[in-house]
Amino acid sequence: RPPQLGRSRLFTAFLENLFTTIPLVIYHGRVNCVVKSFAKWRAVGRTLNMAPKAFGSLDMFRKTHEDFVKQTTHGAALSICAGVFMLVLFCIELSAFLSTSTKTSVILDTNSDAQLRINFNITLMDLSCEFATIDVYDVLGTNTQNISKNVEKWQLDETGVKRIFSGRNKMQSDIKHDEHHPDIETLHANGVHAIPINEETFDDFLKEHKFTFVNFYAPWCIWCQRLEPTWEAFAEDLESLEGGPDEIQVDVAKVDCVENRNLCAAQRVMAFPTLRLFKEGQIFAPDYKLDRTVAQLKSYAKDKLALEEKMKEWHPSRRERVEAQNKEHPGCMLSGFLLVNRVPGNFHLEARSKHHNLNAAMANISHIVNHLSFGQPLKSDQLRKMKRFPEFSSSISPLDSNVYVTKDFHQSYHHFSKVVSTHYEVDGMISKRNKILGYQMISQSQVMQYEVSDVPEAKFSYDLSPMAVVVTSKGRRWYDFVTSVCAIIGGTFTVVGLIDTLLHKMKGAKGL
């Protein structure tokens with residue numbers, strides 16, 4: 001018990017003890033907090049130091065210290081063999097990955113298109129573009145003659161090179177005829193003015209006259225019969241101008257091609273009538289193809305004489321160039337496409353004219369099929385994908401670049417094609433399957449004989465198969481390739497490792 005103190009001194013002693021005790025308590029509390037905090041951070045540090053060791057315990061590829069690794073000769077040999085083996089398998093796997101497999105199947109053709117496109121490029125070696133026509137027929141009764149839409153013509157020279165663009169296959173233009181002349185008997189009342197010549201007198205007559213205008217005709221030709229009065233009136237009109245200021249120094253003659261068949265064949269008369277101007281025995285090309293009136297015939301003769309006088313002033317090279325351009329060669333290339341019904345039918349190339357009768361004996365339809373195919377032309381990316389099917393490329397256009405020449409008169413080649421729809425399905429490396437529609441052809445050709453009075457024609461018949469072929473190209477996916485490569489590497493290492501271990505143990509056993 002404390003000594004008895006006054007109240008004031010007791011209160012003063014209490015305060016002194018209180019202020020002395022509080023700092024000590026605070027100090028000791030801070031110390032304890034610092035000690036506890038330090039212990040916590042030390043525990044965290046221990047945890048962080050232990051984390052890499054715990055994570056490293058998950059390592060499946062633990063390493064052996066170099067001091068404990070032993071290199072052996074048979075191990076090196078096995079390593080080389082393993083490398084070579086993996087390289088060979090990798091090359092084989094890569095080749096298999098880059099190659100594709102093709103599978104074919106037959107299904108019912110479900111194509112609902114109403115029309116089929118035919119692409120063609122055909123050269124007629126001995127037929128002028130003036131007479132070349134394209135006709136289409138089918139079993140539904142379609143009969144379209146001289147198709148002009150989507151068809152182009154090119155005139156060719158002797159070597160088959162395109163020389164003059166004849167434009168679209170337009171309808172043949174109309175030719176006017178004089179209708180006011182009297183009949184031929186009345187015109188012959190005062191003599192024959194268009195001089196008839198034959199095989200014996202033809203060459204001599206052309207040599208004796210500088211310019212000769214000759215009408216090659218056939219008595220049975222209706223157009224020749226219609227021209228005969230006009231031709232006689234034209235000859236009489238030129239005779240009346242002789243000795244005057246308007247004289248046209250052209251002699252008019254005519255040749256009957258029925259009686260002089262060999263002469264007309266030598267002159268390559270393709271149609272009747274053929275009106276041809278000669279200069280000193282040589283053809284002054286081109287042949288006359290304008291209106292068959294006296295006024296137009298006189299204008300043509302006058303213009304040709306004026307051109308001859310003008311050409312004398314030209315440089316020889318220019319004169320040769322113009323003469324070469326005017327020189328005619330009966331060769332024509334037709335190219336374009338046709339839209340036909342998806343039914344059996346045919347299209348054929350024929351010699352025909354609105355104002356001529358064709359000479360059946362001289363109609364030579366020998367031709368070259370530069371290209372013939374069915375369906376829409378493929379785009380560049382589709383053509384690139386189609387290279388995966390080399391075995392089918394030859395059947396897409398089997399007639400391409402084939403030459404069909406007839407050696408005798410009244411003959412022509414006919415072609416028959418069986419057309420099969422073909423659906424090509426190509427797998428992409430990442431993209432979905434691509435589908436390409438094409439057509440295959442099975443074609444046969446043979447020579448057909450015609451009657452003497454019939455004009456030959458090159459006929460192309462086609463028939464669509466009710467079945468379709470599906471061609472599937474399947475290649476390996478990229479992840480299959482990666483999986484196989486990993487299997488090759490891992491399997492090779494595993495097997496070689498087992499062999500190495502076995503050899504090492506066998507060697508150790510022998511050493512003991």
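Does H410 count as buried or exposed, and at what relative accessibility? H410 counts as buried because its relative accessibility is 14%; buried means under 20% relative accessible area, exposed over 50%, and partly exposed in between (1.4 Å probe, protein chains only).

## Model and conventions

This is a predicted model, in which local features need pLDDT of at least 70 and side-chain atom pairs count only at pLDDT 80 or more, while totals for chains, interfaces and linings use all residues. Residues are numbered from 1 along each chain as its sequence is written, and side-chain values use heavy atoms, with hydrogens and water left out.

## Overall composition

The protein chain holds eleven helices and 20 strands. These elements are DSSP runs numbered from the N terminus: helices are H or I with at least four residues, strands E with at least two. Of the 512 residues in the protein chain, 38% are buried.

The accessible surface of the protein chain is about 31700 Å², with 58% belonging to carbon and sulfur atoms; areas come from the Shrake-Rupley method with a 1.4 Å probe, and for residues only the protein chains shown count as cover. Among contacts (heavy atoms within 4.5 Å) between residues at least 6 apart in sequence, 82% join residues at least 24 apart.

## Nonpolar cores

A nonpolar core is a set of buried Ala, Val, Leu, Ile, Met, Phe, Trp, Tyr and Cys residues joined through side-chain atoms within 4.5 Å. The largest one has 41 residues, and L338, F347 and L372 have the most contacts inside it. Elements giving two or more residues to this core include β2 (115-124), β13 (332-341), β14 (345-351) and β20 (457-475). The most comes from β2, with five residues.

Another core, of 21 residues, lies apart from the largest one and has L275, F284, V294 and L297 among its members.

## Backbone features

One joins F272 and P273, with omega about -10°, and P273 is in the loop between β10 (271-272) and β11 (274-279). Another joins A285 and P286, with omega about 0°; P286 is in the loop between β12 (282-283) and α7 (294-311).

H410, in the loop between β17 (402-404) and β18, has a positive phi of about 60° although it is not a glycine. N146 also has a positive phi, near 50°, and is found in the loop between β4 (143-144) and β5 (151-156).

## Charged residues

A search of the whole structure finds ten salt bridges, each a side-chain nitrogen of Lys or Arg within 4 Å of a carboxyl oxygen of Asp or Glu. R342 and D109 form one at 3.4 Å, N to O. R342 lies in the loop between β13 and β14 and D109 in the loop between β1 (100-108) and β2, so this pair ties together parts 233 residues apart in sequence. Both R342 and D109 are buried.

R268 and D126 form another, with the closest N and O atoms 2.3 Å apart.

D256, in strand β9 (251-256), is buried yet has no salt bridge; R261, the nearest side chain of opposite charge, is 8.8 Å away. Lys and Arg count as positive and Asp and Glu as negative, with His and the chain ends not counted. The side chain of D256 reaches the backbone nitrogen of V258 at 3.0 Å.

Key. Polar contact = N/O pair within 3.5 Å; in protein donor to acceptor, adjacent residues only side chain to side chain.
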